[in-house]
Amino acid sequence: METMWARQSLKTWTALIMVGIFLFVAQKSFFTKDRQDCPEQPHADILPNAHFRHVDVIRKKEEDTKVVAPATFQGDENVEEPFPIPADDVLKEMSLKNLSRLYHRFVDNVGVLCRNINRLGKLTDGGWEVCHDQRYRPPSECLVYSVGINNDFSFDDAIAREYGCEVHSFDPSMKTKSYRRSEKVSFHQIGISDTDVHIPEGQTGWEMRKLGSMKQELGHDKRRINVLKMDIEHWEWKVLPEAIATGFLDDVTTLDLELHSWIIEKGTYIYEPPAEIYMGYLKSLRQLHQLGFRIYLTHKNLGSCQFKSKFGMMRTSCQEIAMVQTKKRGL
């Protein structure tokens, strides 16, 4: 009887050992051979199953592709923009579709990295950015020209308060006369253009100045403008060529612009302008690039600026870009 019981016990233990070996081998196969291509996954109580697949795809891509930042982002060297703008003779041979595409691609891409972007003023329309990286941030005794106010001083007040800048605000369309808004902020009922317009006393009209003329009148001709912000409803395409040609922008560090690509013909807005207009835009942007200005932040204004291009895609005719001067010129 004892011998029979011992034999039965041995069979039982043998069977259990075999089952154990089988389970061990199966487990080993599941976690190695069958899953060797699968990355380690997070715990189920942290992320839902739907997120597992997303994380897996990202990790798999990271394994398969070495992500390298553009050369501009790895140092201070200047490189070409993602979509370089060719010379005028090449632009003349391009179709309207390709000119339009090049313009919108250029303004929609960054060319230099700012690691610390500081939004000043409203989060909505009216606020603007400066790059707070040491190389580009406004220094003590900074000087700011803010052109195009429309009764919103949120950016002007904020940059004066946060950086201690001397701020000069310009807008000829406001009904407010020129005045000292605060210790640091002064408002001028004057517009910025490519020509000087002096309105005789007793007559009506907009008083206008070139940027260089305004700088001289204010006694700033030997000072650097740390931030030039312009939101002037298409007048930027008059102001920029003149400011480039006269060398005014050589002494500007940060250039905040709202670019308006629409034109007005007989009171009607044309959101996809003709080829020669796009060529003018692209020429100015190319010249800014040659001066060393690079986009570090770009933002589409939608709302009434949004339109469907004749080429099929949705676009905006109002694009806010923030640029910094990357060539070392007494920053």
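The side chains of Arg 209 and Glu 207 are joined by a salt bridge, with N and O 2.8 Å apart; a salt bridge here is a side-chain nitrogen of Lys or Arg within 4 Å of a carboxyl oxygen of Asp or Glu. Both Arg 209 and Glu 207 are buried, where buried means under 20% relative accessible area, exposed over 50% and partly exposed in between, with a 1.4 Å probe and protein chains only. The model is predicted, so that local features need pLDDT of at least 70 and side-chain atom pairs count only at pLDDT 80 or more, while totals for chains, interfaces and linings use all residues. Residues are numbered from 1 along each chain as its sequence is written, and side-chain values use heavy atoms, with hydrogens and water left out.

A search of the whole structure gives 11 salt bridges. One of them is formed by Lys 283 and Asp 88, at 3.9 Å from N to O. Lys 283 belongs to helix H8 and Asp 88 to helix H3, so this pair ties together parts that are 195 residues apart in sequence. Helices (H or I, at least four residues) and strands (E, at least two) are DSSP runs, numbered from the N terminus. Lys 283 is partly exposed, at 35% relative accessibility, and Asp 88 is likewise partly exposed, at 25%. Salt bridges that share partners join Asp 88, Lys 283 and Arg 286 into one network.

A further salt bridge connects Arg 181 with Asp 157, whose closest N and O atoms are 2.9 Å apart. This pair links distant parts of the chain, 24 residues apart: Arg 181 is in the loop between strand S5 (179-180) and strand S6 (185-188), and Asp 157 is in helix H5 (residues 154-163). Arg 181 has a relative accessible area of 35% and is partly exposed; Asp 157, at 21%, is also partly exposed. The charged end of Arg 181 sits over the ring of Phe 153, 4.1 Å from its centre. Such a placement requires NZ of Lys or CZ of Arg within 6 Å of the ring centre and within 35 degrees of the ring normal. Lys 215 provides another case, its charged end sitting over the ring of Phe 248 at 5.4 Å from the centre.

The buried residues of H8 include Tyr 278, Tyr 281 and Arg 286. H8 is followed by Gly 292, which has a positive phi near 110°.

Helix H4 (residues 96-107) has 12 residues and reaches 17 Å from its first C-alpha to its last, close to the expected 16 Å. Among its buried residues are Leu 99, Leu 102, Tyr 103 and Phe 106. The buried residues of H4 pack against several elements, including helix H3 (88-91), helix H7 (236-245) and helix H8 (275-291), contact being defined by heavy atoms within 4.5 Å.

Aromatic pairs number 11; rings of Phe, Tyr and Trp (its six-membered ring) pair if their centres lie within 6.5 Å, with planes under 30 degrees apart counted as stacked, over 60 as edge-to-face and the rest as tilted. Tyr 103 and Tyr 281 form a tilted pair, 5.6 Å centre to centre and with 50° between the planes. The pair links Tyr 103 in helix H4 to Tyr 281 in helix H8, 178 residues apart. Tyr 103 is buried, at 2% relative accessible area, and Tyr 281 is buried at 2% relative accessibility. Ring pairs link Tyr 103, Trp 237, Tyr 278 and Tyr 281 into a cluster.

Technical notes:
The expected span of a helix is 1.5 Å times one less than its number of residues.
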